[in-house]
Amino acid sequence: MVYGFLDIAITPSVRAAQAEMGSDHLWQDFRGHRTFDRFTPNEVAFIVQRDSFYMATVSETGWPYVQHRGGAAGFLKVIDEKTLAFADYRGNRQYISLGNLKADDRAALILVDYARRARLKIYARTEVLGLADDLALTEEVLDPAYRAKPERLFRLHLEAFDWNCAQHITPRFTEAEITTAIEPLRERLMMLETENAELKARLGE
């Protein structure tokens with residue numbers, strides 16, 4: 001059967017490591033069908049809520065490089081069921097990921113929802129575009145409210161994705177998530193303070 005993500009990830013050395021650790025039978029005897037070569041509404045909903053992700057590339061010397069990307073929630077755009085895109089804004093101008101992708105277009109992404117302890121892994125081929133190369137895509141991807149200089153676009157063509165288990169993900173919450181969570185407590189506190197003030201006023205009469 002097909003297990004798209006592991007069909008890419010499992011190499012002879014990985015199989016040897018699995019055999020050494022006694023887990024090789026788990027994947028050799030896999031009988032499911034997990035192509036995962038196109039995003040479903042479930043993945044789309046997850047991706048558009050993320051405000052960051054990690055992207056790994058590999059240099060010509062074989063060294064991996066992992067970069068954190070962040071922005072407003074939804075800055076990583078789902079173009080269609082097999083395509084993602086995001087704007088590359090000017091940063092420290094080292095251009096390590098850019099250089100790596102010009103030599104080898106393969107990238108791996110990890111998207112994490114810390115609050116809900118969910119993690120999505122993505123293998124993709126990456127296309128580097130100038131801002132004028134696809135004006136419709138540029139308009140869709142750029143965020144006019146984001147105060148940084150856009151330099152290019154990355155368009156990612158999905159090879160496979162998979163979901164990780166929730167193990168070892170420490171729950172963390174954004175300021176917006178905390179604000180939403182405590183809003184009922186804030187409203188209740190304001191109500192009690194109002195009632196308390198009214199009671200004091202009556203007792204003082």
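Predicted model: local features only at pLDDT ≥ 70, side-chain atom pairs only at ≥ 80, totals over all residues.
Two parts of the structure are in contact here when heavy atoms of each lie within 4.5 Å.

First, select helix α5, residues 96–103. Its buried residues are Ser97, Leu98, Asn100 and Leu101. These residues lie on the same side of α5, because they cover an arc of only 165° around the axis. An α-helix has 3.6 residues a turn, so residues three or four places apart point the same way.

Next, display the strands against which the buried residues of α5 pack: β1, β2, β5 (106–113), β6 (118–129) and β7 (150–164).

Now turn to strand β1, residues 52–58, and select Phe53 within it. How far apart are the ring centres of Phe53 and Phe75, and at what angle are their planes? The centres are 5.6 Å apart and the planes are at 10°; planes under 30 degrees apart count as stacked, so this pair is stacked.

In total, the structure holds eight aromatic pairs.

Then select Phe46 and Arg50. Arg50 lies over the face of the Phe46 ring, at 4.5 Å from the ring centre.

Finally, colour the chain by domain: domain 1 (1–34), domain 2 (36–172) and domain 3 (173–204). Taken over C-alpha atoms, the centres of domain 2 and domain 3 are separated by 40 Å.

Key
Residues numbered from 1 in each chain as written. Heavy atoms only, no water. Phe/Tyr/Trp six-rings, centres within 6.5 Å; stacked < 30°, edge-to-face > 60°. Helix = DSSP H or I, 4+ residues; strand = E, 2+ residues; numbered from the N terminus. Lys NZ or Arg CZ within 6 Å of the ring centre and 35° of its normal. Domains from an automatic or database assignment. Buried < 20%, exposed > 50% of the residue type's maximum accessible area, 1.4 Å probe, protein only. Arc of directions from axis to C-beta.
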